[in-house]
Amino acid sequence: MPIPVIDFSKLDGEERDKTMARIANGCEQWGFFQLVNHGIPVELLERVKKVTTECYKVEREGEFFKSSTPVKLLKELIDKKSDEKLENVDWEDVFLLTNDNEWSPKTPGFKETMTEYRAELKKLAEKLMEVMDENLGLQKGYIKKMFNGGDTYGENAFFGTKVSHYPPCLDHSDKVTGLRAHTDAGGIILLFQDDEVGGLEILKDGEWTDVQPIPNAICINTGDQIEVLSNGRYKSVWHRVQAMPKGTRRSIASFYNPSYNAIIEPATELVQKENKLVNQFGYPKFLFGDYMSVYTEQKFMSKEPRFQAVRAAH
Ligand SMILES: O=C(O)CCC(=O)C(=O)O
Ligand SMILES: [Fe+2]
């Protein structure tokens with residue numbers, strides 16, 4: 001079964017209730033869903049594709065990727081005629097955009113386009129957080145406030161954009177993973193994936209399921225912090241990217257995460273409502289910065305030991 005595709009424009013019309021319910025279902029049953037008619041202008045999305053592809057081609061694809069660790073390790077494996085798979089690397093090229101870092105790309109229009117895109121995506125993330133507040137029965141603005149360290153109007157939450165390219169791996173795509181399986185650490189992730197080259201899969205009911213590419217859709221998923229805050233209603237879901245034999249896959253993931261100083265814990269209303277105690281068996285309370293220290297070391301492992309580690313630290 002394909003992951004849910006939701007017409008986000010219906011949220012503002014007669015089908016609001018149905019659309020809210022579809023989003024609730026996407027969050028509860030899937031952890032991943034795709035939005036169409038999300039309000040981001042197609043013209044902007046086309047420019048984003050153009051500048052990121054150009055930037056990758058001109059500034060990254062050549063020597064930069066060819067001399068990278070995964071390429072070297074794969075060559076060694078093939079030279080050895082080994083049957084093994086590469087376990088500890090990802091077949092990808094990544095650069096991160098935030099408001100603070102210096103954007104190295106020299107591609108004309110890159111900075112302007114990506115600034116505009118990030119502003120639009122941040123608004124979409126905030127709208128979605130309000131939908132989740134409502135669906136969870138929380139006060140409007142609850143998630144944003146918690147992610148901003150308790151400040152309703154805060155702008156301390158982290159909003160980052162990761163531009164990834166997964167080059168083709170010709171005859172050896174079975175020997176390496178584009179991006180190893182993981183759940184995301186943070187809050188809400190908005191993914192603009194390639195129009196054609198697939199490879200993203202989620203673990204649904206024990207089976208790896210494709211996230212089918214839909215041109216100009218935005219794929220939404222939730223991270224470990226939303227799982228904690230929602231007291232387990234919205235579970236972060238395992239996903240991975242397969243290396244493909246043909247075609248470079250572009251994906252642009254934007255992350256709305258808590259500030260490092262934000263304290264994360266299950267929303268009191270949900271704990272009471274569902275009559276679960278926040279004790280050693282429930283979700284922990286912790287500083288998001290502490291969680292990230294653990295996550296950096298344990299990204300490709302399951303989340304439970306991460307929850308345990310931050311519980312012990314608090
Ligand atoms: O590239 C993708 O499609 C997924 C990226 C991803 O899962 C991540 O950056 O956490
Ligand atoms: Fe991810």
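Of the 314 residues of the chain in this predicted model, 39% count as buried, a residue being buried if 20 or more other C-beta atoms lie within 10 Å of its own, exposed if 12 or fewer, and partly exposed in between, with C-beta atoms placed from the backbone. Local features are reported at pLDDT of at least 70 and side-chain atom pairs at pLDDT 80 or more, whereas totals for chains, interfaces and linings use all residues. Residues are numbered from 1 along each chain as its sequence is written, and chains are lettered from A and ligands numbered from 1 in the order in which they are written.

The C-alpha trace spans about 60 × 45 × 40 Å along its principal axes. The radius of gyration is 20 Å, which agrees with the value near 20 Å for a compact globule of 314 residues; the quantity is taken over C-alpha atoms, and the globule rule is 2.2 Å times the number of residues to the power 0.38. Among contacts with a separation of 6 or more, 78% join residues 24 or more positions apart, a contact requiring C-beta atoms, placed from the backbone, within 7 Å.

The chain holds 10 helices and 13 strands, these being DSSP runs (H or I, at least four residues, for helices; E, at least two, for strands) numbered from the N terminus. Seven strands form an open sheet of mixed pairing, in the order β1-β2-β9-β6-β11-β4-β3, where two strands pair if DSSP finds at least two bridges between them. Its edges are β1 (5-7) and β3 (93-97), each of which pairs on one side only. From one strand to the next, the twist averages 25°; axes are lines fitted to C-alpha atoms, for helices over the stretch in contact, and angles run from 0 to 180 degrees between N-to-C directions. Five bridges join β3 and β4 in the antiparallel sense, and Leu 97 has Thr 161 of β4 as its bridge partner.

Two helices lie across strands of this sheet. Helix α2 (residues 42-60) lies across β3, β4, β6 and β11, at about 115° to β11. Helix α5 (residues 110-136) lies across β3, β4, β6, β9 (218-222) and β11, and runs at about 135° to β6.

The shell around ligand 1 comprises Lys 162, Ser 164, Leu 179, Asp 184, Leu 191, Gln 193, Leu 200, His 239, Val 241, Ser 251 and Ala 253, the criterion being a C-beta atom, placed from the backbone, within 6 Å of the molecule. At least two shell residues come from each of β4 (158-166), β6 (188-193), β10 (239-242) and β11 (249-257). By class, five are nonpolar, four polar and two charged; Ala, Val, Leu, Ile, Met, Phe, Trp, Tyr, Cys and Pro count as nonpolar, Asp, Glu, Lys and Arg as charged, and the others, Gly among them, as polar.

Ala 253, a member of this shell, is placed in strand β11 and counts as buried because 20 C-beta neighbours lie inside 10 Å. Beyond its neighbours within four places in sequence, Ala 253 is in contact with Lys 162, Ser 164, Ile 189 and Leu 191.

Asp 205, with phi of about 50°, lies in the loop between β7 (200-204) and β8 (207-210) and is exposed, as 7 C-beta neighbours lie inside 10 Å. Asn 216, with phi of about 65°, is placed in the loop between β8 and β9 and is partly exposed, with 15 other C-beta atoms within 10 Å.
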